[in-house]
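My entries follow in the order I made them.

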Amino acid sequence: MSSWRSWHRPLVVFSAVMALWALVSAVGLAVDDRVLVGAPIWAKPFKFFVSFAAYGLTLAWMLAQTTWGRRTGWWAGNVVVLTSLVEMVIITGQVIRGKRSHFNAETPFDASLYTVMGLTIVVLWAATLVIAVLLLRTRLTDRATAWAIQGGVLIALVGAGLGFLMAQPTAEQRAAGNLDTADVIGAHSVGVPDGGPAMALTGWSTTGGDLRIPHFVGMHALQLIPLFLIALVLLAPRIARLGDARVRLRLIRVASAGYAGLVALTTWQALRGQPLVHPDAPTLMAAGVLLAAVAAGVWAALRTAPEPESVRTETEPASDSKEFTA
């Protein structure tokens, strides 16, 4: 793996700026007692800053792994930086004004800002798709690393795309028949108004469905699946079976499939207007099936016998941890 100095520098700088502004937002949470749509007014920018910091840093690392279309990837990374900055400037500016940024059609100015946000997100998603294509065409030495990166970015694209569901008018808004004059168009909650009873920290609804859940779960596959592989590599010296590249590859495949199933399950639950913390019988049954399938996959993956040391040293490096060194 190449040095961290080869990571996409604008994305690294962007992530540092996002982390800094997350700290500023944390101060805002402490000193500004304003509440907007049932939550502390600085909660949204804080969560967005933290998410973008992780998102940008992960893409910066992934772009350093590409072996094809590096110049295209560099420009795609720059587009991610630019569109994300526009998004965060609007979100922060609306917080300062005491206005909601998403779904706001209260005034022509607010509606214009929300339209700009929508356009930037579409462009950001398209730039991430370009990066995903480059990663899919990259042939890494370690197949588990390739699968973790490619699976993570593809699931993240699906998770990001789920955000577009929130921009659509809700059934209640359509039934009201005043979309041309409504102050709010779209919502993250399903079956209940935004701003109702919510979980601590996340702010996810406890009385209805919440599309932010699959959106969040899906997008962070970008970090969690590669982190899972890193954990396997770090555990390999202590657990013999994890020293076998075939076992790690199978476990990453199981983890990726299970993660995709979790995104599907949380999306299905949210669209039915069901809170995450109050699953019904069909949801519990589906979750049980998913858990059993993952457990069976892990068991099958671990059954793979490690190759003899003499064979392994002739065919591949003793450890693939170099994929994750700086």
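**Helix α5 against helix α10.** I began with the axes of α5 and α10, which come within 9 Å and cross at roughly 10°. Axes here are lines fitted to C-alpha atoms, for helices over the stretch in contact, with angles from 0 to 180 degrees between N-to-C directions. The two helices are therefore roughly parallel to each other (under 35 degrees counts as roughly parallel, over 145 as roughly antiparallel, 65 to 115 as roughly perpendicular and the rest as oblique). On the α5 side I listed R143, A144, W147, A148 and I155 as making the contact. On the α10 side the contact residues are R248, L249, I252, R253, S256, Y259, A260 and V263. Contact means heavy atoms within 4.5 Å. Helices are DSSP runs of H or I with at least four residues, strands are runs of E with at least two, and both are numbered from the N terminus.

**Ground rules.** I noted that this is a predicted model, in which local features need pLDDT of at least 70 and side-chain atom pairs count only at pLDDT 80 or more, while totals for chains, interfaces and linings use all residues. Residues are numbered from 1 along each chain as its sequence is written, and side-chain values use heavy atoms, with hydrogens and water left out.

**Helix α9 against helix α10.** I then took α9 (residues 221-235) and α10 (residues 245-271), which pack at an angle of about 155° with their axes 10 Å apart. That makes α9 roughly antiparallel to α10. From α9 the contact uses A221, L224, I225, F228, L229, L232 and V233. From α10 it uses R248, L251, I252, A255, S256 and Y259.

**Charges over rings.** I looked for arginine ends over tryptophan rings. The charged end of R253 sits over the ring of W147, 5.0 Å from its centre. Likewise, R272 has its charged end over the ring of W268, at 3.7 Å from the centre. The test is NZ of Lys or CZ of Arg within 6 Å of the ring centre and within 35 degrees of the ring normal.

**Aromatic pairs.** How many aromatic pairs does a search of the whole structure find? I got six. Rings of Phe, Tyr and Trp (its six-membered ring) pair if their centres lie within 6.5 Å; planes under 30 degrees apart count as stacked, over 60 as edge-to-face and the rest as tilted. W204 is in the loop between β3 (189-190) and β4 (209-210), and F216 is in helix α8 (residues 212-219), twelve residues apart. W204 is buried at 12% relative accessible area, whereas F216 is partly exposed at 43%. I also noted that ring pairs link F14, F48 and F52 into a cluster.

The buried residues of α8 are I213, P214, V217, G218 and M219. Their cover includes α2, α5 (143-161), β4, α9 and α10. L211 is in the loop between β4 and α8 and is buried at 6% relative accessibility. Beyond its neighbours within four places in sequence, L211 contacts L165, M166, A187, H188, V190, A270 and L271. L211 and L271 are 60 residues apart in sequence and 7.3 Å apart in space, C-alpha to C-alpha.

**Positive phi.** Most residues other than glycine have a negative phi. I found V37 with a positive phi of about 50°; V37 is in the loop between β1 (35-36) and β2 (39-40) and is partly exposed at 32%. L201 has a positive phi of about 70° and lies in the loop between β3 and β4. With a relative accessible area of 85%, L201 is exposed.

Note on methods
Buried means under 20% relative accessible area, exposed over 50%, partly exposed in between (1.4 Å probe, protein chains only).
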